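Please look over the sequence and the structure shown here before reading on. The report that follows is meant for a reader who is meeting them for the first time.

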Amino acid sequence: MLKIFTTQLMGKFKGIQDQHEMVIEDSSRLFAQVITGGGTVYFYGENELQGAALEAVYGSEKLPSSAILHDPADLTENDCVLLFSRLSEDQAAAEHAKAFKATGAKVVGISATRKEADPLLEQTTDFHINTGLTTGLVPNDDGERIGYPSLLTSLYVYHALYLTTREILEEHGYEF
C-alpha cells in the first residue's frame, strides 16, 4: 500500500507542477508585489488545512510580510489571502473568499475541483490552483479509496509558491 500511495502522491505533485505552473508564477508575482508594496500575504486554512497556513507563517521557510488571517476587517487592498480548502465546492470557503475580496484584497484559492461539483471557490478567487486530490489515493480490498493527503498537497502548493516568490523577489534585489 505504501508504494502505491507514494507513487500516486508523486503523480499529484507532478500534475500540479505541469498543469498550474503559470498560475503559480502569476500568484507568486502577486505575492511579490504585495510584499514589496507594504502589504501582507495572509494565510487562511479551512478545517485541517489550517496546518498549511501554520506552516506558511511559522515554518522555517516563510514569506516576508506574512500572517495568519484572523479577522477579515484587517484586510486592505494592499493585501492578498492564500485560502486553503479541501474541495472547491466548499460553500464556507467560497463565502470566505467573497468576504476577503470585498475588502479589496486579492485571493488565491487552493483546493481540489471535482468534475461533477460546482467549483465555487475556483469561481470566487483571483487565482486558483487545483490540487487534483478528489479521492483517496489507494484502493483497499473493499474497493474504497483511502489515503487522502489534502494537507500534503496543500503544503506542496505552498512550497511551490514560496520558492517561486522568493526567486522573483531575489531577481529584483530583495534580501531575505
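## A pair in the first helix

D18 has a relative accessible area of 49%, so this residue counts as partly exposed. Because this is a predicted model, that value, like the others in this report, is computed from predicted coordinates. The partner of D18 is K14, and the two form a salt bridge in which the closest N and O atoms are 3.0 Å apart. K14 is likewise classed as partly exposed, with a relative accessibility of 43%.

Where do K14 and D18 lie? Both belong to helix α1, which covers residues 2-36, and they are four residues apart, which is about one turn of the helix.

## The course of helix α1

The helix that holds this pair does not run straight, for α1 has a kink of about 75 degrees that is centred on H20. Its span can be set against that of a straight helix: with 35 residues at 1.5 Å a residue, a straight helix would span 51 Å, whereas the end C-alpha atoms of α1 are only 43 Å apart. Following α1 comes G38, a residue whose phi is positive, near 85 degrees.

## A pair in helix α5

How far apart are the closest N and O atoms of R166 and E170? They are 2.9 Å apart, and the two residues form a salt bridge. R166 and E170 are both found in helix α5, residues 150-171, where they are four residues apart and therefore separated by about one helical turn.

As for accessibility, R166 counts as partly exposed because its relative accessibility is 27%, and E170, with a relative accessible area of 42%, is partly exposed as well.

## A network of three residues

Salt bridges with shared partners also join E89, R114 and E116 into one network.

Are R114 and E116 buried, partly exposed or exposed? R114 has a relative accessibility of 26% and so counts as partly exposed, while E116, at 67%, counts as exposed.

## The salt bridges as a whole

Side chains of opposite charge can pair when their charged atoms come close.

Key: Residues numbered from 1 in each chain as written. Predicted model: local features only at pLDDT ≥ 70, side-chain atom pairs only at ≥ 80, totals over all residues. Heavy atoms only, no water. Salt bridge = Lys/Arg side-chain N within 4 Å of Asp/Glu carboxyl O. Helix = DSSP H or I, 4+ residues; strand = E, 2+ residues; numbered from the N terminus. Buried < 20%, exposed > 50% of the residue type's maximum accessible area, 1.4 Å probe, protein only. Expected span 1.5 Å × (residues − 1). Bend = angle between axes of the 7 residues up to and from the residue.
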